Amino acid sequence: MESNKQKKNIKKKMTDAERIKENSNYLRGTITDDLKNEITNGFTGDNFSLIRFHGMYQQDDRDLRIERHEQKLEPRYAMMLRCRLPGGVIQAKKWLKISNFADKYTLYKTIRLTNRQTFQFHGILKKNLKRVHQMLHEIGLDALGTANDVNRNVLCTSNPLESLIHKEAYEWAQKISNFLLPRTKAYAEIWLDQKKIFTTDHEPILGRTYLPRKFKTTVVVPPYNDVDLYANDMNFIAITKKNKIIGFNVLIGGGLSFIHGNKNTWPFLAQELGYISVKNTLLVAEAIVTTQRDWGNRTDRSNAKTRYTINNFGLDVFKKEIEKRANIYFEPIRDYNFISRGDRFGWKKDIYDNWNLTLFVNNGRICDDNHNLFKSGLFEIAKIHEGNFRITSNQNIIISEISQYNKHIIDNIVQSYKLLNQTSNLRKNSMACVSFPTCPLAMAEAERVLSFFVTQLENIMLKYHVDQEKIVFRISGCPNNCGRSLLAEIGLIGKSLGRYNLYIGGNQIGSRIPKIYQENITEKEIFIHLDNLIQCWSKERNIKEDFGDFVIRKNFVNEIINPISDFWN
Ligand code: SRM
Ligand code: SF4
């Protein structure tokens, strides 16, 4: 039975995104025709959006836009491709092919680690798209479900086998990712040249028109919240007994984006639903996803994510529906606690006596340039390393499961390529989204200014003798908040070139949304304000008081308790 709210939604006009999905024949569209079309390097019509379901975005280099326009040339179209890598784990030897592909077939010759534990290639020409999918397929990977209105890459606490619990959690991340994948054969037909199978496609979970909007999932092992669970639609927090996962606390409805000036949009932290026993995990995942599928707003994409659905229907109603669909009852939330979000850099031993090395990757960008040879260094490690690489949700990388024998060989490579540089606590806990030049939605620089901004902040912290401290500092080029600025202690969000909103007052474990402190200010103004704030913090803080907690205690900003009312006021 449709509820009144559902009926009201149906009466309103569906978004064009819905029409595109409906008419796509399970995500096929006319992508194969566009692949043959040599007149343009881009995709046409609905295919521009449909390729996202296959893990790719059409972009153009924004640094070259004006020049190419003046030359009456088509924009420099090329695709970004995002791989699916639940929990961020990839065998090191597979990295060789990935690195080679970036060198030979991408315009930028870099690989970008994302904050959802995977990697992206930027700048793949249309003619090389089949090649990249086939390369991934050869090494057992794909790009399915990494973009558009589906469940995205599933995150899992990055902890290289410190305990059996982490291994189990990682297996759950894989299981959930596979379970929620689109089942259409379109991917295999288009990219892997597999013969069309004339059976009716069926999407038992996602449905013919897929989800109303993107959907994000995590599996978390306390006390580490490195996945930033509160920003995700569906979260499974592991509850353990005798070194085994016995169940999960389930939290739903997190998300960070908003639209400048649109008070109907707001960030929200994932909320507690209850505890479930481990055997019900997939049932509950399916019930949450299908409820969002059926109840989510398909007439307004800015109101379509799970947090808005929950707000439209009420958490209790949403919860009851999940219980009904999964045929379970949620038990009360079990105790859990988070102590940190950062990665644990350097060498660490695991339960099998193997070594794990976490390396800081500047901006998550794996490249060779005047300052570093990170790409070459990683390639040399991949040649001899028998274990895995693990990408963290903080855009860093762990060389995991290194045998005692290989440790000194890898250490030599690390030394000669200078992969383990001294880095301040601030830098280690900073992050930026990609932004210019590839992101079409960017309003201000992010990745390309992060290093410089961190240096300025380091200088301020040094001046006030708090340079050993840690502050979570993040930049996003626009309010979509890909850099998760709205879970930072100091967060910048782009307004226009060279101008940002400054948010302060998040906390270190990522369970508080910061509040706007200054709007639309220049880079120079940002550091004048931060100089004042950090000076006060250095003088007036309580023992061990973090920056984010301090600015709230001292009323520099009000604490956000209910983002729906507090975020904008
Ligand atoms: Fe994001 C869109 C990059 C994590 C919220 N994001 C984009 C696009 C694809 C721009 C576009 O739609 O054309 C960006 C591509 C830039 C480029 O050139 O690569 C982009 N997002 C990224 C990445 C690469 C940032 C990074 O530096 O790591 C992250 C890729 C993650 C992955 O591997 O899947 C990335 N994006 C996030 C996060 C953080 C997270 O998931 O933990 C968020 C905020 C959390 C959330 O979802 O609320 C985020 N991205 C968005 C949004 C806003 C969605 C919304 O709810 O309104 C968009 C725009 C959209 O979807 O319409 C967006
Ligand atoms: Fe692009 Fe905005 Fe996301 Fe940055 S936050 S990658 S500018 S969409």
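Analyst: In helix 11 of this predicted model, the buried residues are Thr306, Arg307, Tyr308, Thr309, Ile310 and Phe313. The helix spans residues 306-313, and since six of its eight residues are buried, it is largely enclosed by the rest of the structure. Being buried here means a relative accessible area under 20%. After helix 11 comes Gly314, with a positive phi near 100°.

The side chain of Lys305 has an N or O atom 3.2 Å from an oxygen atom of ligand 1. Another lysine, Lys216, places a polar side-chain atom 2.7 Å from an oxygen atom of this ligand. In total, 31 residues surround ligand 1, and the closest are Thr114, Ser257, Thr438, Cys482 and Arg484. By class, this shell has 10 nonpolar, 12 polar and nine charged residues. Strand 1 (56-60), strand 2 (77-82) and strand 5 each contribute at least two residues to it.

Ligand 1 contains an iron atom, and its only protein donor is the SG atom of Cys482, at 2.3 Å. Cys482 sits in the loop that runs between strand 17 (473-476) and strand 18 (490-496). Cys482 also belongs to the surroundings of ligand 2. Around ligand 2 are Cys433, Val434, Ser435, Cys439, Leu441, Ala442, Ser476, Gly477, Cys478, Asn480, Asn481 and Cys482. That shell divides into seven nonpolar and five polar residues, with no charged ones.

As background, most residues other than glycine have a negative phi, and most peptide bonds are trans. Ser435 is not a glycine, yet its phi is positive, near 55°. Ser435 lies in the loop between strand 16 and helix 16. Its relative accessible area is 2%, so Ser435 counts as buried. The loop between strand 16 (430-432) and helix 16 (447-463) also holds Pro437, and the peptide bond from Phe436 to Pro437 is cis, with omega near 5°.

The bond from Pro222 to Pro223 is cis, with omega near 10°, and Pro223 is in the loop between strand 7 and strand 8 (234-241). Asn327, which is not a glycine, has a positive phi of about 55°. Its position is the loop between helix 12 (315-326) and strand 11 (346-349). Because its relative accessibility is 70%, Asn327 counts as exposed, whereas Ser435 is buried.

The structure holds 25 aromatic pairs. In one of them, the ring centres of Phe101 and Phe121 are 5.0 Å apart and the planes meet at 55°, so the pair is tilted. This pair joins distant parts of the chain, with Phe101 in helix 6 (residues 92-105) and Phe121 in strand 5 (residues 119-124), 20 residues apart. Phe101 and Phe121 are both buried. Phe121 also pairs with Phe119, edge-to-face, with 5.6 Å between the centres and 75° between the planes. Phe119 is buried as well. These rings belong to one aromatic cluster made up of Trp95, Phe101, Tyr105, Phe119, Phe121 and Phe389.

Rings also meet charged groups. The charged end of Arg334 sits over the ring of Tyr275, 3.8 Å from its centre. Lys407 lies over the face of Trp355, 4.3 Å from the ring centre.

Finally, Asp201 has polar partners of its own. Asp201 is in the loop between helix 9 (186-191) and strand 7 (217-220), and with a relative accessible area of 11% it is buried. Its side chain makes a polar contact of 2.7 Å with the side chain of Arg28. A polar side-chain atom of Asp201 also lies 3.3 Å from the backbone nitrogen of Lys185.

Technical notes: Residues numbered from 1 in each chain as written. Chains lettered and ligands numbered in written order. Predicted model: local features only at pLDDT ≥ 70, side-chain atom pairs only at ≥ 80, totals over all residues. Heavy atoms only, no water. Near = heavy atom within 4 Å. Nonpolar A, V, L, I, M, F, W, Y, C, P; charged D, E, K, R; others polar. Donors = N, O, S within 2.8 Å, 3.2 Å for Na, K, Ca; no water. Helix = DSSP H or I, 4+ residues; strand = E, 2+ residues; numbered from the N terminus. Phe/Tyr/Trp six-rings, centres within 6.5 Å; stacked < 30°, edge-to-face > 60°. Buried < 20%, exposed > 50% of the residue type's maximum accessible area, 1.4 Å probe, protein only. Lys NZ or Arg CZ within 6 Å of the ring centre and 35° of its normal. Polar contact = N/O pair within 3.5 Å; in protein donor to acceptor, adjacent residues only side chain to side chain.
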